[in-house]
Amino acid sequence: MLTAVLSDPQALTVPEVMTALKLSRSKVYDLIRSRQLPSYTSGRARRIPVDAVRHYMQDRLEENAA
């Protein structure tokens, strides 16, 4: 499922990130506020680059492997 969500777009919406990472809306916004998950706004729409989501996941995997 994650590959299907992350394969085409260059940026994701908050609900798409929620689905991809299986996190709540408030947790995704916490990650954005704490700058663990970089994002940008276009008008009123918040977008998270796909690479930022991949980087976040890789960081979590490395933390848990140590």
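Reader: At its relative accessibility, does Lys 22 count as buried or exposed, and how is that read?

Author: In this predicted model, the relative accessibility of Lys 22 is 66%. The cut-off for exposed is over 50%, so Lys 22 counts as exposed. Lys 22 sits in the loop that lies between α2 and α3.

Reader: What is the phi of Lys 22?

Author: Phi of Lys 22 is near 55°. That is a positive value, and the residue is other than glycine. Arg 35 is another such residue, with a phi near 65°. Arg 35 lies in the loop between α3 and β2 (40-42). Its relative accessible area is 74%, so Arg 35 is exposed.

Reader: Which elements does the protein have, and in what order do they run?

Author: The secondary structure comes to four helices and three strands. Read from the N terminus on, the order is α-β-α-α-β-β-α.

Reader: How are two packed helices described?

Author: Two numbers are used: the angle between the axes and the distance between them. Here, helix α2 (residues 14-21) packs with helix α3 (residues 25-33) at an angle of about 105°, and their axes are 9 Å apart. Angles of 65 to 115 degrees count as roughly perpendicular, so α2 and α3 are roughly perpendicular to each other.

Reader: Which residues in α2 and α3 meet?

Author: From α2 they are Val 14, Val 17 and Met 18; from α3 they are Arg 25, Val 28, Tyr 29 and Ile 32. By class, this contact has six nonpolar residues, one charged residue and no polar ones.

Reader: Where do nonpolar side chains tend to be in soluble globular proteins?

Author: They tend to be buried together. In this structure, the largest nonpolar core has 13 residues. Those with the most contacts inside this core are Val 17, Val 28, Ile 32, Leu 37, Ile 48 and Val 53. Helices α2, α3 and α4 (50-65) each supply at least two residues of the core. The largest share, four residues, comes from α4.

Reader: Is Tyr 56 buried or exposed?

Author: Under 20% relative accessible area means buried. Tyr 56 has 10% relative accessibility, so Tyr 56 counts as buried. Tyr 56 lies in helix α4. With neighbours within four places in sequence left aside, Tyr 56 is in contact with Leu 21, Leu 31, Gln 36 and Leu 37.

Reader: How far apart are Tyr 56 and Pro 38, in sequence and in space?

Author: Tyr 56 and Pro 38 are 18 residues apart in sequence. In space, the C-alpha to C-alpha distance between Tyr 56 and Pro 38 is 9.2 Å.

Reader: What can be said of the protein as a whole, in burial, contacts and surface?

Author: Of the 66 residues in the protein, 24% are buried. Among contacts between residues at least 6 apart in sequence, 45% join residues at least 24 apart. The accessible surface comes to about 4600 Å², and 50% of that surface belongs to carbon and sulfur atoms.

Terms used: Residues numbered from 1 in each chain as written. Predicted model: local features only at pLDDT ≥ 70, side-chain atom pairs only at ≥ 80, totals over all residues. Heavy atoms only, no water. Buried < 20%, exposed > 50% of the residue type's maximum accessible area, 1.4 Å probe, protein only. Contact = heavy atoms within 4.5 Å. Areas by Shrake-Rupley, 256 points an atom, 1.4 Å probe, with all protein chains shown as cover. Axes fitted to C-alpha atoms, helices over the stretch in contact; angles between N-to-C directions. Parallel < 35°, antiparallel > 145°, perpendicular 65-115°, else oblique. Nonpolar A, V, L, I, M, F, W, Y, C, P; charged D, E, K, R; others polar. Core = buried A, V, L, I, M, F, W, Y, C linked by side-chain atoms within 4.5 Å.
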